[in-house]
Amino acid sequence: MLELDVWTNGFGSGWRVSHNAPLWNDNNCVGAATPDGLRSGARDRPLDGCLADLRTWSDANPGHRPILLKFEMKDGFNAVGGRGPAAFDALVAARLGQKVYRPAELAAGHRDLDEAVRAKGWPSRSELAGRFLIHLIPGTVEEGNPFDTLWTDREYATHLRDLAAGGRLDSATAFPAVHHAEAGDPRVRRYSDASLRPWFVVFDGDASAYRDGSIDTRWYMERGYLLVMTSAHRVPPAIDGRNPTEAQALERVGLLAAAGASVVSADWVGLPSVLATVVPRGG
């Protein structure tokens, strides 16, 4: 899984990619057109440059493992400023095209995503080889803004519902995620509009919360939902967030996979063998 933090506020231009800088780009994206340029171009490109890098790398590595792209919309969408869900879809489609596994592909033959995933599940890893799957979460700034009443998750789910109603779901490129762990079906409390709930089949939250005994993660596995457990290192007993031993990291991945995680994340950049590990879910 790769995570991109995106800013859309009107105080800066375009789709900015940065963890902490809301007004400019601060990243290692270069907008490479060839594989040789991935490590040599000028950094700090906007989102289209990051997507260009992903496309260039993907083209140079045909049949690569499926990659989950997590977008944290730091301050949410900005539809009024031309950076809403439809514009996001257009940008992703222009850069990644058919390399993106889309909601319409999962929903094919079904009323919505929930019905589809519970009926047939997700495609296998081999079926998704060479492709990207995108999920969106509300950002930290958005969630902390008392004046923001339309968070990313609800805004994009509304977008999906309305596209489907108009027969245009194939233009969508991402899956909205229910953010933060919660017992039971978190969609019921989060979304008072019941028509939005079937468009959420991805759940993203802190691994410690899923492991504290208050949440039955079998609920996700039995329904085939995609469950992303973040900050794996914080699960008691905590291990180093950057440089654990390989044995510690592998043990943690196995623990969370057995607990129902589809994807486990941590900043273990120095352990590529662990980051590439695939183990049975629910084992």
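**View A. The open sheet, strand by strand.** In this predicted model, eight strands make up an open sheet with mixed pairing, in the order β2-β1-β3-β4-β5-β6-β7-β8. Strands here are DSSP runs of E, at least two residues long, and helices are runs of H or I with at least four residues, both numbered from the N terminus; two strands pair if DSSP finds at least two bridges between them. At the edges you'll find β2 and β8 (263-264), each with a single partner strand, so one side of each has no neighbour in the sheet.

**View B. Where β1 meets β2.** Strand β1 (residues 2-7) runs antiparallel to β2, and two bridges join them. Look for V6, which sits opposite V17 in β2.

**View C. The C29 to C50 disulfide.** The structure has one disulfide (a pair of cysteine sulfur atoms within 2.5 Å). C29 and C50 are the partners, with 2.0 Å from S to S. Their link is right-handed, with 100 degrees about the S-S bond. C29 lies in the loop between β2 (16-17) and α1 (47-60), while C50 is in helix α1, so the pair ties together parts 21 residues apart in sequence. Both C29 and C50 are buried, meaning under 20% relative accessible area, with exposed being over 50% and partly exposed in between (1.4 Å probe, protein chains only).

**View D. W122 and the largest nonpolar core.** A nonpolar core is a set of buried Ala, Val, Leu, Ile, Met, Phe, Trp, Tyr and Cys residues joined through side-chain atoms within 4.5 Å. The largest one here has 73 residues, and L47, F71, F88 and W122 touch the most other members. Leaving aside neighbours within four places in sequence, W122 is in contact (heavy atoms within 4.5 Å) with residues including Y101, L106, F175, V201, V202 and Y225.

**View E. Stepping back to the whole chain.** The protein chain has 11 helices and eight strands. Its C-alpha atoms fill a box of roughly 45 × 45 × 40 Å along the principal axes. Of its 283 residues, 49% count as buried. Among contacts with a separation of 6 or more, 66% come from residues 24 or more positions apart.

**Notes on the views.** Residues are numbered from 1 along each chain as its sequence is written, and side-chain values use heavy atoms, with hydrogens and water left out. Because the model is predicted, local features need pLDDT of at least 70 and side-chain atom pairs count only at pLDDT 80 or more, while totals for chains, interfaces and linings use all residues.
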